Amino acid sequence: MSKAKGGNGGAAADDGKGGAADGQRSRAASAGGSGTRPRSGAPAAGPAPLTPGRIGIYVLLLVAGVLVGLAGTLVQAAWFPGGLVLALAAVGGLFYGGTRASGTTAGALVPGAAWLVTVFVLLSDVRPEGDFLFGPGVGSYVFLLGGIVVAVICATAAQMRTMGARPGRVGG
């Protein structure tokens, strides 16, 4: 009687090793029996668990979003071209750092929401005395719209990273 090499070895030669003879594992047995290879580096399904450490990161990002919004509002008008670049760089650094620190899209959304509420709701309102933190000019609008664009870019990039999209050439 001869043993089959490779393949599944037949039903009689199956000794609990996934159908392979002579101690060899078959492809189906090595992939969990489904016949497909698991993707390496693929994220687990479902949202990230909400742990006390992650809640602490979100609270810090919320406070940092308020502070960066307040500081950016003051700096972008004080030193016009350089202050605007500095304010937008701070916004981008906060949002990107939030996604890297938390590992989730919420790492960009939490400080983005805090920045948005601070800049649009709290600081852009005209007081009865006539005080207004945003002067009329291109710099104010670039700061407001640029911050929103940076938040969307960082949140989208974080979403692509969590979905397992690999950078590289399309079709290659």
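Mentor: Buried means under 20% relative accessible area, exposed over 50%, and partly exposed in between, with a 1.4 Å probe and protein chains only. This is a predicted model: local features need pLDDT of at least 70, side-chain atom pairs count only at pLDDT 80 or more, and totals for chains, interfaces and linings use all residues. Residues are numbered from 1 along each chain as its sequence is written, and side-chain values use heavy atoms, with hydrogens and water left out.

Trainee: What pattern does the protein chain follow along the sequence?

Mentor: Helices (H or I, at least four residues) and strands (E, at least two) are DSSP runs, numbered from the N terminus. The chain holds five helices and zero strands. Read in sequence order, the pattern is α-α-α-α-α.

Trainee: What percentage of the residues in the protein chain is buried?

Mentor: The protein chain has 172 residues. The buried part comes to 28%.

Trainee: How far does helix 2 reach from its first C-alpha to its last?

Mentor: Helix 2 has 27 residues. The expected span is 1.5 Å times one less than the number of residues. The expected value is 39 Å, and the model is close to that, at 39 Å.

Trainee: Is helix 2 roughly parallel or antiparallel to helix 3?

Mentor: Axes are lines fitted to C-alpha atoms, for helices over the stretch in contact, with angles from 0 to 180 degrees between N-to-C directions. Under 35 degrees counts as roughly parallel, over 145 as roughly antiparallel, 65 to 115 as roughly perpendicular, and the rest as oblique. Helix 2 (residues 52–78) and helix 3 (residues 80–102) have axes 8 Å apart, at about 170 degrees. Therefore helix 2 against helix 3 is roughly antiparallel.

Trainee: How many charged residues does the contact of helix 2 with helix 3 have?

Mentor: Ala, Val, Leu, Ile, Met, Phe, Trp, Tyr, Cys and Pro count as nonpolar, Asp, Glu, Lys and Arg as charged, and the others, Gly among them, as polar. Helix 2 brings residues including Arg54, Leu61 and Val68, and helix 3 brings residues including Phe80, Leu84 and Ala87. The classes are 16 nonpolar, six polar and, for charged, one.

Trainee: Is arginine 54 buried or exposed?

Mentor: Arginine 54 sits in helix 2. Beyond residues up to four places away in sequence, arginine 54 touches Ala48, Pro49, Ser102 and Thr104. Its relative accessibility is 19%, so arginine 54 counts as buried.

Trainee: At what angle do helix 3 and helix 4 cross?

Mentor: Trp115 of helix 4 is among the residues that meet helix 3, where Phe95 is one of the partners. The axes of helix 3 and helix 4 (residues 106–122) come within 6 Å. The crossing is at roughly 145 degrees.

Trainee: Which geometry does the aromatic pair have?

Mentor: Rings of Phe, Tyr and Trp (its six-membered ring) pair if their centres lie within 6.5 Å; planes under 30 degrees apart count as stacked, over 60 as edge-to-face, and the rest as tilted. The whole structure holds one such pair. Tryptophan 115 and phenylalanine 143 have ring centres 5.5 Å apart and planes at 70 degrees, so the pair is edge-to-face.

Trainee: What is the relative accessible area of phenylalanine 143?

Mentor: Tryptophan 115 is buried at 1%. Phenylalanine 143 is also buried, at 0%.

How values were computed: Contact means heavy atoms within 4.5 Å.
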